[in-house]
Amino acid sequence: MTDPQTVPAAAAAASSPEGETVEICRNLIRIDTSNYGSGDAKGERRAAEYVAGLIEEVGLATTVLESAPGRANVFARIEGTDPSADALLVHGHLDVVPAIAADWSVDPFGGEIRDGMIWGRGAVDMKDMDAMMISVLRHMVRTGDRPRRDIVFGFFADEEAGMVYGSHWIAEHHRGLFDGVTDAISEVGGYSATIGGRRAYLLQTAEKGLMWLRLNAQGTAGHGSQINDDNPVTRLSRALANIGEHQWPVELTKTTRAFLDSVTELTGVEFDPQNPQRLLAELGSVARFVGATLQTTANPTMLEAGYKVNVIPGSAQAGLDVRYLPGQREIVLAKLAELAGDGVSFEFESDDIALEVPFSGTVVDAMVDALHAEDPEAVVLPYMLSGGTDNKSLDPLGITGYGFVPLRLPDELDFPSMFHGVDERVPTDSLEFGSRVLHRLLTRY
């Protein structure tokens with residue numbers, strides 16, 4: 001196994017922007033940066049040092065900032081040729097969700113190459129993009145290929161657990177890192193899918209809002225053999241059933257309507273809000289993401305109560321993962337309270353904004369042009385992400401964020417299932433393609 005601290009050979013990198021991407025991605029995967037939440041994470045400092053070392057090795061200064069011991073964030077800036085031009089932020093995160101090794105067919109932190117793909121936790125989310133960023137940056141610095149505008153490269157901690165130790169902390173305490181930045185690109189967009197026989201790249205221009213809620217039900221403790229009409233377990237169970245079974249209405253935002261209209265043009269299938277599955281079936285595995293953006297979702301995910309089978313407890317708790325459409329936060333909160341009923345209170349574990357920006361403008365045009373330069377016959381469509389990204393932290397600073405990790409993928413790969421999935425993997429040639437697109441975007445925009 002290659003030592004993750006090894007810097008790839010300069011000779012391999014000098015010839016092309018994608019020259020180091022695969023090896024850097026493998027090395028990043030080999031650094032276990034599992035984020036367990038509630039401040040419990042590991043490996044982020046080691047990964048940050050590896051990234052900083054790669055950047056400094058080519059002569060560019062870095063800034064490494066810890067929000068707490070071991071929770072490290074890395075930044076570097078390449079100065080552009082036009083000081084009056086707005087700056088662009090390209091960012092990724094270094095943490096990953098945990099992986100249970102027994103469930104995998106390979107070592108999740110081995111960075112193994114098999115069947116033309118890199119396997120391991122983070123191969124898709126999102127050490128693939130981190131590697132592309134670093135490889136392109138090193139190539140630009142080595143060749144003196146300066147962009148027109150300043151490019152800030154950022155690598156955050158803690159994206160997988162609410163961004164408290166990463167982008168939220170940086171945005172609050174180190175805003176100066178983003179001086180002049182007006183736009184940003186990051187994860188979960190730019191990948192390809194075949195729709196209506198055409199290869200389409202999905203450029204992320206919106207994402208749902210996020211509320212992780214803890215529900216608390218209070219009641220009267222007592223003996224399990226007695227009649228008790230103030231049982232908090234019963235009360236909480238009723239609330240969770242009401243919320244979990246509620247059918248949220250289908251509501252199309254501008255982004256989702258534009259996406260579905262484009263799919264109709266490609267497939268000839270009209271969208272029917274009474275039967276969304278008819279059009280979603282045309283999307284293949286992409287329907288995993290898109291299907292959840294047609295409406296709010298509220299899923300009970302955790303349940304806790306009691307300490308002995310013959311004791312009725314005095315309280316019960318549950319976890320709820322809510323993802324709401326832009327502009328719907330207060331409406332959703334009111335509906336949740338109604339569904340939960342009396343005697344159930346809510347506490348926020350995480351509360352973050354929804355985003356939606358136009359599929360237009362110079363940055364979008366540049367991303368589309370960069371993709372077409374490598375894949376001329378493809379189409380590019382806007383879409384909404386059902387999850388969330390670090391762009392949520394940047395929006396309050398006036399930075400418009402997009403999801404753009406350009407990957408040309410084989411049809412047989414169920415790419416959406418790779419996010420947080422078992423046997424996560426990404427094709428090596430997809431990373432090389434993405435590096436070329438990213439290089440073209442950063443140097444010609």
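Arg-45 is partly exposed, with a relative accessible area of 31%; partly exposed covers the range between buried, under 20% relative accessible area, and exposed, over 50%, with a 1.4 Å probe and protein chains only. This is a predicted model, in which local features need pLDDT of at least 70 and side-chain atom pairs count only at pLDDT 80 or more, while totals for chains, interfaces and linings use all residues. Residues are numbered from 1 along each chain as its sequence is written, and side-chain values use heavy atoms, with hydrogens and water left out.

Arg-45 belongs to helix α3, which covers residues 44–57. Helices (H or I, at least four residues) and strands (E, at least two) are DSSP runs, numbered from the N terminus. Apart from its neighbours within four places in sequence, Arg-45 is in contact with Val-64, Glu-66, Gly-70 and Ala-72, where contact means heavy atoms within 4.5 Å.

The protein chain has 13 helices and 21 strands. Its radius of gyration is 23 Å, close to the 22 Å that the globule rule gives for 445 residues, so the chain is as compact as a globular protein of that length. The radius of gyration is taken over C-alpha atoms, and the globule rule is 2.2 Å times the number of residues to the power 0.38. Along the principal axes, the C-alpha atoms fill a box of roughly 80 × 55 × 45 Å.

Of the 445 residues in the protein chain, 55% are buried. The chain exposes about 17900 Å², and carbon and sulfur atoms supply 47% of that area; accessible areas come from the Shrake-Rupley method with a 1.4 Å probe, and for residues only the protein chains shown count as cover. Among contacts between residues at least 6 apart in sequence, 78% join residues at least 24 apart.

The protein chain is divided into domain 1 (7–187 + 388–442) and domain 2 (207–350), with bounds that come from an automatic or database domain assignment. Taken over C-alpha atoms, the centres of domain 1 and domain 2 are separated by 31 Å. The contact takes 13 residues from domain 1 and ten residues from domain 2.

Leu-60 sits in the loop between α3 and β3 (63–66). Leu-60 is buried, with a relative accessible area of 15%. Beyond its neighbours within four places in sequence, Leu-60 is in contact with residues including Ile-55, Ala-76, Ile-78, Leu-137 and Val-141. Leu-137 is 77 residues from Leu-60 along the chain, and their C-alpha atoms are separated by 9.4 Å.

His-139 lies in helix α4 and counts as buried at 8% relative accessibility. Between the C-alpha atoms of His-139 and Gly-19, 120 residues apart along the chain, the separation is 8.5 Å. At 28% relative accessibility, His-372 counts as partly exposed. Its contacts, neighbours within four places in sequence aside, are Ala-378, Val-379 and Val-380. His-372 and Leu-137 are 235 residues apart in sequence and 22 Å apart in space, C-alpha to C-alpha.

Some backbone details remain. A cis peptide bond, with omega about -15°, joins Asp-125 and Met-126. Met-126 is placed in the loop between β7 (117–119) and α4 (127–143). Met-163 has a positive phi of about 70° although it is not a glycine. Met-163 is found in the loop between β8 (151–156) and α5 (167–173), and is buried at a relative accessible area of 5%. Val-188, also a residue other than glycine, has a positive phi near 60°. The loop that holds Val-188 runs between β9 (181–186) and β10 (191–195), and Val-188 is buried with a relative accessible area of 8%.
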